[in-house]
Amino acid sequence: MSKMIYLDHAATTKLLPEAAKAMEPYQEIYYGNPSTIYEFGEKSREAMEQARELIARSIHARPEEIYFTSGGTESDNWALKEAVHLYGRTHNGEKGHILTTPVEHHAILHTCNELEQMGCGVSFLKVDESGRVALHEVESVMQENTCVVSVMYANNEIGTMEPIDELGRMAKKHGLIFHTDAVQAYGHLPIHVQRDNIDMLSASAHKFGGPKGVGFLYIRSGINLPAFIHGGGQESSRRAGTENVPGIVGMGKAAELAHRRMHMERRKIKYLRDYLAYRILQEIPDVIMTGNRKYRLSNNASFCFKGITGEAAAILLDTQGICVSSGSACSTGSMEDSHVLKAIGIESEWAQGALRFTLGAENTKEEMAYTVEKVKMVIKDMRGNAR
Ligand code: PLP
């Protein structure tokens, strides 16, 4: 098998050909600035607004509640920094307090570090051994100045899904803004911001077949989140800068297809993931699967293999044409144990051997069977050499 086997869809996905096709005219033909008043610019504006409507509908929101950004990281930064800013504005400059979890992506955790440096409070809700947040913790950790609860929809490393509906209910009960980083969930799971009392939601196009460098932040109407980027009047003057029209159009197309295909694709991907996981757990000794078995993204199979390093295993699998990640894509290159695995209590001896396989709709059973054989070979060789 000489073809590459791509099993790192949590890191990024291939641009869907339909999305690429939809983008093309907005790069080459209708390149007008959407803020202009002539008809040529209106073409871009119309396409952008169509994408906004489509995305809004996909999460049961209104188009005016969708703000285009450069991706998940920017959306997360905006949500947290400006929620705290809003609190200061309405509370005589008092510093706000954030409730989050230790298993969030660095886009959240490093933003929280920065806000802590600026005098804001941050508390972490405990998670269980599968990474699920302990709900009762919200009330015990909450403070007088708590202004926002930010809990991810689904984890990028171990695939665990958080109890979003219950968190939303609890945040609403206490009058807190509820933000969720849905970067790994949007386009893969049905999301309902009304039903689940979600006030702000971050998503990123390149995780569901759209282009890189574009995403959105949903902000519920009535939440007067301050502007994040100042300049022109784009995005209702809350996020200035000429919009990435082709990117937004591509994201809209990818969102449409992801939602149309979601049900079928999830079923197929889950079947392949279960096959891969079953064989790895049956045929390789000293391995554990991390994350929740029940509340889990269908495409995620993450493991810890004792006695090896995940980094080295990923490099060896690469020589066999298999792309996998040894942890969060964004922290690849560092040999530190993953903060997620630490937070769920995985000892370093196991955490060092973390490998994450994230599947996509194009993967086949044949690829899974080949992958199992190569993983078996690589792990056996590494363990043999280590003796
Ligand atoms: N949040 C989560 C859960 C992610 O998995 C990622 C990317 O891996 C991000 C945020 C950052 O998104 P982006 O790459 O669009 O900045």
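## Secondary structure and basis of the model

The protein contains 11 helices and 12 strands, where helices (H or I, at least four residues) and strands (E, at least two) are DSSP runs numbered from the N terminus. This is a predicted model, in which local features need pLDDT of at least 70 and side-chain atom pairs count only at pLDDT 80 or more, while totals for chains, interfaces and linings use all residues. Residues are numbered from 1 along each chain as its sequence is written, and side-chain values use heavy atoms, with hydrogens and water left out.

## Overall dimensions and packing

Along its principal axes, the C-alpha trace of the protein spans about 65 × 55 × 35 Å. Buried residues, meaning those under 20% relative accessible area with a 1.4 Å probe and protein chains only (exposed is over 50%, partly exposed in between), make up 58% of the 387 residues. Of the contacts (heavy atoms within 4.5 Å) with a separation of 6 or more, 73% are accounted for by residues 24 or more positions apart.

## Helix α8

Helix α8 covers residues 310-319, and its buried residues are G310, E311, A313, A314 and L317. These residues lie on the same side of α8, because they cover an arc of only 165 degrees around the axis, the arc being that of the directions from the helix axis to the C-beta atoms. An α-helix has 3.6 residues a turn, so residues three or four places apart point the same way.

The face of α8 turned away from the buried side carries the exposed residues I315 and T319. After α8 comes G321, whose phi is positive, near 85 degrees.
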